[in-house]
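Me: I have a model open on my screen and would like to learn how to read it. Could you take me through it feature by feature?

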Amino acid sequence: MINDNVNRHWLEGVCMELPLMYPVRQKFDGQAIADVAAKVRQELEKAVFLTSVRPGATIAVTAGSRGIANIVEILRAVCQVLREREAVPFLVPSMGSHGGGTPAGQIEALQALGITEAAVGAPIRATTEVVELGQLPDGTPVFQNRLAYESDGIVVINRIKPHTSFKGCVESGLCKMLVVGLGNPAGAANLHRFGVRGLRELIVPMARIVLEKSPVLYGLGILENAFDQTAVIAGIEPADIPDREAELLKQAKTMMPRLPFDHLDVLIVDEMGKCYSGTGMDTNVIGRLRIHGEPEPESPRIERIVVLDLADASHGNANGIGLADFTTRKLVDKIDWKATYLNNLSSTFVQRAMIPIIAESDGEAVRLAIQSLGQRELQNLRIVRIPNTLQLERIWVSEALLKEVHADEKLELAGKGVPLGF
């Protein structure tokens, strides 16, 4: 009898009617750089080192695993300026433990982003070997990619944005690239073993050692607008990187896309992946950290998160899947467990790799999420559907949210309601 009740309850859940969803456009600031290559050249030509670079000097240019807008064009422009000065640029994969923590995997990760020797005009040289640059007062070592260290100079490039695991004076940007990206798997594990405290308190002191002990020549900090477009490119002299990055981070926080609602019953994310966020889904967007000992953000409050698929560009890395409550069999079947666990264990945030409830289809996953909320009227459910946590200009909302849409001048209803389909 118990089994019959359970089966009936399950069937009622997976067959329930789904609400109508309405297309909504968010109005974000669209400031963007029209000619990215020209802006890179303008900033790089301000660099002090360019006045004295010697012919034949080998210059390591960092290339990370994030999906940064126009990154191929940016890298190509940097390498072109260096070649014009008769230097010999090469790209060094700078992604910590990403790409499975192997040279071949990291080169493959760059190629998936379109970063190839042919595209940027410079070879890619990868190694997991490191040198120890120095130590913090407590004895914690600071590592650097051996090829970058042995070069005649390093140009560090990265997007500056809010981090998905901590808040600090600097978060995700040039300092993190110096410490974690150029630290290879050894550097990533070395910092992440301290958990959030390490990220919050040690990145800047470690970055200062890197700047003092290795041949860093210049930094290029990139800011993107809410449409994932290049909005700012800032050239920075090495000694100024920590302070200037802190200023740029404040600007970046005003530009990032967000959900326009503080409370939701269900958030449906069509696709997660490393190409959208280091945590698969940006914690700043979904309002979840899931880090043991760290308080959860106050806003937004989302009762159930459903993630439907894993982006091919994530190469099986599903770090952040544990931020969701429900997922699908197709997503789980795409997971590269070795890459996911390496990434997750390096960060020490093990909850983020835990597998949610698995449904056999998209529709079943959403219905089970709604069912898990208990007895609630369908027309009162606050549901939002997004393509991913990076691209939030066009979203879908349920009828219960329409009053708030009409009251917000930054939101525009873009069509009629249609059944929630997959």
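Me: Is Met354 buried, partly exposed or exposed?

Reply: Buried means under 20% relative accessible area, exposed means over 50%, and partly exposed lies in between (1.4 Å probe, protein chains only). Because its relative accessibility is 48%, Met354 counts as partly exposed. This is a predicted model, in which local features need pLDDT of at least 70, side-chain atom pairs count only at pLDDT 80 or more, and totals for chains, interfaces and linings use all residues. Residues are numbered from 1 along each chain as its sequence is written, and side-chain values use heavy atoms, with hydrogens and water left out.

Me: Where does Met354 sit, and which residues form a nonpolar patch with Met354?

Reply: Met354 lies in the loop between α13 (337-347) and β12 (357-359). Helices (H or I, at least four residues) and strands (E, at least two) are DSSP runs, numbered from the N terminus.

Me: What is the order of the strands in the open sheet of five?

Reply: Strands of a sheet pair through backbone hydrogen bonds, either parallel or antiparallel. Two strands count as paired if DSSP finds at least two bridges between them. In this open sheet the order is β3-β2-β6-β7-β8, with mixed pairing. Since β3 (88-93) and β8 (230-236) stand at the edges with a single partner strand each, one side of each has no neighbour in the sheet. From one strand to the next, the twist averages 20 degrees.

Me: How do β2 and β6 pair, and which helix packs on the sheet?

Reply: β2 (residues 58-63) and β6 (residues 153-159) pair in the parallel sense over three bridges. Within β6, Ile154 is the bridge partner of Ala60. Helix α3 (residues 71-84) packs on the sheet and touches β2, β3, β6, β7 (216-224) and β8; its direction makes about 170 degrees with that of β2. Contact means heavy atoms within 4.5 Å, while axes are lines fitted to C-alpha atoms, for helices over the stretch in contact, and angles run from 0 to 180 degrees between N-to-C directions.

Me: How many salt bridges does the structure hold?

Reply: Side chains of opposite charge can pair when their charged atoms come close. A salt bridge is a side-chain nitrogen of Lys or Arg within 4 Å of a carboxyl oxygen of Asp or Glu. The structure holds 27 of them. One of them joins Lys39 to Glu43, with the closest N and O atoms 3.0 Å apart.

Me: Why are Lys39 and Glu43 separated by about one helical turn?

Reply: An α-helix has 3.6 residues a turn, so residues three or four places apart point the same way. Lys39 and Glu43 are about one helical turn apart because four residues separate them in helix α2 (residues 36-44). Lys39 is partly exposed, at 23% relative accessible area, whereas Glu43 is buried at 5%.

Me: How much of helix α14 is buried?

Reply: Nine of the 10 residues of α14 (residues 362-371) are buried, so this helix is largely enclosed by the rest of the structure. Among them are Asp362, Glu364, Val366 and Leu368.
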